[in-house]
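Thanks for coming. I'll go through one structure and keep to a few places in it. Please have the sequence and the model open.

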Amino acid sequence: MAFLNNRKLAYLNLAGNRFKDIPFDLMLTPELRYLDMRQNIVTAVSKRDREMMEDNRECLGSFQLFLSDNILSCGCEHIDFLQWLQLTSVQLDNNRNFTCINSEGVFIYTLVYLQLEDLWRQCWGRWFLNFSFILLFAIVIGHLLVFLWVKNKSVIISNVFLFFTNLRLKKVTDYRYGIFIGYCNLDYQFACVTLREYIEEKLKLTTFLQDRDLLPSSAVSEGILEVMTSSYRILLAVNESFVKQNDWFLFTVRSAVYSVTPNNPFRVVIIVEESQVKQLPTELFNCIPEDNVIRINEWLLDYKLKKSLRTRLQ
C-alpha cells in the first residue's frame, strides 16, 4: 500500500535490499517505467508482475528492469521465466545475461539456456519417458485383457458366478450338440451350407440342422425341444420367409427363450434382417442380451458377421 497514492511514480530504485520479489503491486504504479531491483535476493519474477510490466511497456512506450547481482533460479519450475528473459520487449540490463543457480546447485548464467529445449528435456524428459512406458504397458495389458476376455469369456463369467453364487456356467463340452440352427426351409442355402460350413470348419463346433439331423419319425415339436435342450448355443436366422412362411417360427423362438438358463444365459443368438426386428416376440428381448441380436441388411457371411458369430458362439 506504500504506493497507493503515488500513481504518477515513474522511476523507482530498490537496489541493495533483501527483496525476494517485487515488494508492491505494480497495478498501483501505472506510470512506472524504470525499476531497479539489483543487489537483492530475487530468484524469479512472477507471471503476474511480468504481465504488468509488459502492459506498462505497451502503454508508456518503454519499461526498464534491472536485475543484475541477483542469484536467479534456473530450476525446472522457472522455465517460463527464463523464456521471458529471452523474448520480452521489456528492456533488461546486463545484456539479459544474469547469474543463476540450476537444480543441481551449480552457478551458471541464464544465456546458457538460449535453447530451452535442452532444459525442458532435462526437467520433463524423464517424466514423459516414464509416462510413455506406463502408457505403453497399460495399452499392452489392456489388449491382453481384451484378448483373454474374448477367448475365455465363458470361463471368466463362470468363475465369477461360481465365486459369488456357486453357480457354474456350462461349457460346450457339457452338451451333445454345439449349435442348433433355426431357419426357414425355403432359405436352406445360407443356413445349411454357408453358415454350417463356417461353424463346423472354422469354429470347430458341431451343428444340428432340422432337415439333416431330425429323424423323420420324430414329432417336430418334441424334436426341436429336445435338440434345443441338448445344444450349447441356439442360433436363429430370422428373415421374412422364416417369419411369414414357417409354421414353426413362433414355436421355435419361444422354445429358444424358455431354453435360457442361469448356467447358460447367453444361449440364444439371433441373426435378423433389420426389417424383421419388430416381428420378434417382445419376451425374446427380455431374456437374451441385446448384444446377442445381430442385425443385418443382407444375408452375406462377411467379415463383420463372422467376427460377431465367433465372439458369441464360442
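Cys192 is buried, at a relative accessible area of 14%. Keep in mind that this is a predicted model. What about the other cysteine in this part of the talk, Cys184: buried or exposed? Cys184 counts as buried too, with 3% relative accessibility. Cys192 is in no disulfide, and the nearest cysteine sulfur to it is that of Cys184, 10 Å away. Seen from Cys184, the closest cysteine sulfur is in Cys192, and 10 Å is too far for a bond. The cut-off for a disulfide here is sulfur atoms within 2.5 Å.

Which cysteines do form a disulfide? Cys74 and Cys100, with their sulfur atoms 1.8 Å apart. The angle about the S-S bond is -100 degrees, which makes the link of Cys74 and Cys100 left-handed. Cys74 sits in the loop between S4 and H2, while Cys100 is in strand S6, so the pair ties together parts that are 26 residues apart in sequence. Cys74 is buried, with a relative accessible area of 2%, and Cys100 is buried with 0%.

Three strands form an open sheet, in the order S4-S6-S7, with mixed pairing. S6, residues 99–101, and S7 run antiparallel and are joined by three bridges. Cys100 stands opposite Ile108 in S7.

Next, helix H1. H1 covers residues 47–60, which is 14 residues, and reaches 20 Å from its first C-alpha to its last, close to the 20 Å expected at 1.5 Å a residue. The buried residues in H1 are Asp49, Arg50, Met52, Met53 and Asn56. They cover an arc of only 160 degrees around the axis, which puts them on the same side of H1. Lys47, Glu58 and Cys59 are exposed, on the other side of H1. What covers the buried residues of H1? The cover includes strand S3, residues 64–66, and helix H2, residues 79–87. Just after H1 comes Gly61, with a positive phi of about 95 degrees.

On to Tyr34, in strand S2, residues 34–36. Tyr34 counts as buried, at 17% relative accessibility. Which residues does Tyr34 touch, leaving out those up to four places away in sequence? Ala10, Tyr11, Leu12, Gln64 and Phe66. Leu9 is 25 residues from Tyr34 in sequence, and their C-alpha atoms are 9.4 Å apart.

Last, a tryptophan. Trp120 is in helix H3, residues 116–165. Trp120 is partly exposed, with a relative accessible area of 40%. Between Trp120 and Trp299 there are 58 Å in space, C-alpha to C-alpha, and the two are 179 residues apart in sequence.

To go back to the cysteines for a moment: the disulfide is that of Cys74 and Cys100, while Cys192 is in none. That is where I'll stop.

Key:
Residues are numbered from 1 along each chain as its sequence is written. This is a predicted model: local features need pLDDT of at least 70, side-chain atom pairs count only at pLDDT 80 or more; totals for chains, interfaces and linings use all residues. Side-chain values use heavy atoms; hydrogens and water are left out. Helices (H or I, at least four residues) and strands (E, at least two) are DSSP runs, numbered from the N terminus. The expected span of a helix is 1.5 Å times one less than its number of residues. Buried means under 20% relative accessible area, exposed over 50%, partly exposed in between (1.4 Å probe, protein chains only). The arc is that of the directions from the helix axis to the C-beta atoms. Contact means heavy atoms within 4.5 Å. Two strands pair if DSSP finds at least two bridges between them.
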